[in-house]
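Please read it beside the sequence and the structure.

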Amino acid sequence: MHNKKIYFFIILSILTIWICQYIRLNRYYKDIIIHTEKTYTSSEIVPFEDDFIEWGKQLSDCSLQVISFEIRNYRNYLNSRPQKWEAMSIDIDDKIALVTIEIRNSGNRPIEFPCYDIDLYQVDSLFHLDWNATHALNPNVDSWTFVKCDQQSKINITLAYTIRKNMVSHRLFYNLPSSKFFLCVTSYPTQKSIILHTPNFVT
């Protein structure tokens, strides 16, 4: 009789865990289903609203607009800048994509905007932020790539992304001037991206 009670409680515990996992997974997949996407043109202002950026922080009082987009030869650009930074293993043909954005804070408190969560991508390629270049180009960005924006104010910042020749397809690399890029602003529940057509291309 004692063993039967033990088996009963073991089975009950397993069943309870299974039910909890079932409920959790259903909620998870339901959230995935309601995930939506929205794209903006480069001239539009993108509101963050209740959407999250990559690391789970909401900036509901903020918005973002692209000011300019250009692609340069990495080595030539680095040599032309008065600010220098450490560039790791840059090939002679590698490029640097420069996206200047304006961040607007309409709220009543200052915010720290996490630049490193804004990714540049194409359909089959993802370009992460070049921390060293972004930090050097923006003295107002601290060592963890945050930019501070006071309440009821706006600030411009240039985001830098490395495009390595050996990391993308031959077709993409040699068609960069006519390529379409996307700047991912928020990720969930609405993925908001800005379409960047035909960058200003400088060799």
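Glu49 sits in the loop between β2 (46-47) and β3; strands here are DSSP runs of E with at least two residues, helices are runs of H or I with at least four, and both are numbered from the N terminus. The model is a predicted one, in which local features need pLDDT of at least 70 and side-chain atom pairs count only at pLDDT 80 or more, while totals for chains, interfaces and linings use all residues. Residues are numbered from 1 along each chain as its sequence is written, and side-chain values use heavy atoms, with hydrogens and water left out.

**Backbone exceptions**

Phi of Glu49 is near 50 degrees, a positive value in a residue other than glycine. With a relative accessible area of 43%, Glu49 is partly exposed; buried means under 20%, exposed over 50%, and partly exposed in between, with a 1.4 Å probe and protein chains only. Gln152 also has a positive phi, near 55 degrees. Its place is the loop between β8 and β9, and at 54% relative accessibility Gln152 counts as exposed. A cis peptide bond joins Tyr188 and Pro189, with omega about -5 degrees, and Pro189 is in the loop between β10 and β11. Most residues other than glycine have a negative phi, and most peptide bonds are trans.

Gln152 is also one of the residues touched by Asn108; Gln151 is the other, not counting residues up to four places away in sequence. Contact means heavy atoms within 4.5 Å. Asn108 belongs to the loop between β4 (95-105) and β5 (111-114) and counts as exposed because its relative accessibility is 70%. Its C-alpha is 8.5 Å from that of Asp150, although the two residues are 42 apart in sequence.

**Overall build and cores**

The chain has 4 helices and 12 strands. Of its 203 residues, 41% count as buried. Among contacts with a separation of 6 or more, 69% are between residues 24 or more positions apart. The accessible surface is about 12,200 Å², and 56% of it belongs to carbon and sulfur atoms; areas come from the Shrake-Rupley method with a 1.4 Å probe, and for residues only the protein chains shown count as cover.

Which residues have the most contacts inside the largest nonpolar core? They are Ile101, Phe113, Tyr161, Phe181, Leu183, Ile194 and Leu196, in a core of 38 residues. Elements giving two or more residues to this core include β3 (62-73), β9 (153-163), α4 (170-173), β10 (180-186) and β11 (190-197). A second, separate core has 11 residues, among them Trp85, Ile90, Ile96 and Ala160. A nonpolar core is a set of buried Ala, Val, Leu, Ile, Met, Phe, Trp, Tyr and Cys residues joined through side-chain atoms within 4.5 Å. Leaving aside neighbours within four places in sequence, the contacts of Ile101 include Leu64, Val66, Ile155, Ile157 and Leu183.

**Charged side chains**

The count of salt bridges is 8, each being a side-chain nitrogen of Lys or Arg within 4 Å of a carboxyl oxygen of Asp or Glu.

| Pair | Closest N to O distance |
|---|---|
| Lys165 and Asp93 | 3.2 Å |

Lys165, in the loop between β9 and α4, and Asp93, in the loop between α2 (74-80) and β4, are 72 residues apart, and the pair links distant parts of the chain. Lys165 is partly exposed at 31%, as is Asp93 at 28%. In the second pair, Arg104 is partly exposed at 28%, whereas Glu102 is buried at 9%. Arg171 lies in helix α4 and Asp124 in the loop between β6 and β7 (126-127), so their bridge ties together parts 47 residues apart in sequence. Both Arg171 and Asp124 are exposed. Shared partners join Glu49, Asp51 and Lys192 into one network of salt bridges.

Asp119, in strand β6 (residues 119-121), is buried yet has no salt bridge. The nearest side chain of opposite charge, Arg164, is 14 Å away; Lys and Arg count as positive and Asp and Glu as negative, while His and the chain ends are not counted. The side chains of Asp119 and His128 are joined by a polar contact of 3.4 Å. Such a contact is a pair of N or O atoms within 3.5 Å; within protein, one must be able to donate a hydrogen and the other to accept it, and residues adjacent in sequence count only if both atoms are side-chain atoms.
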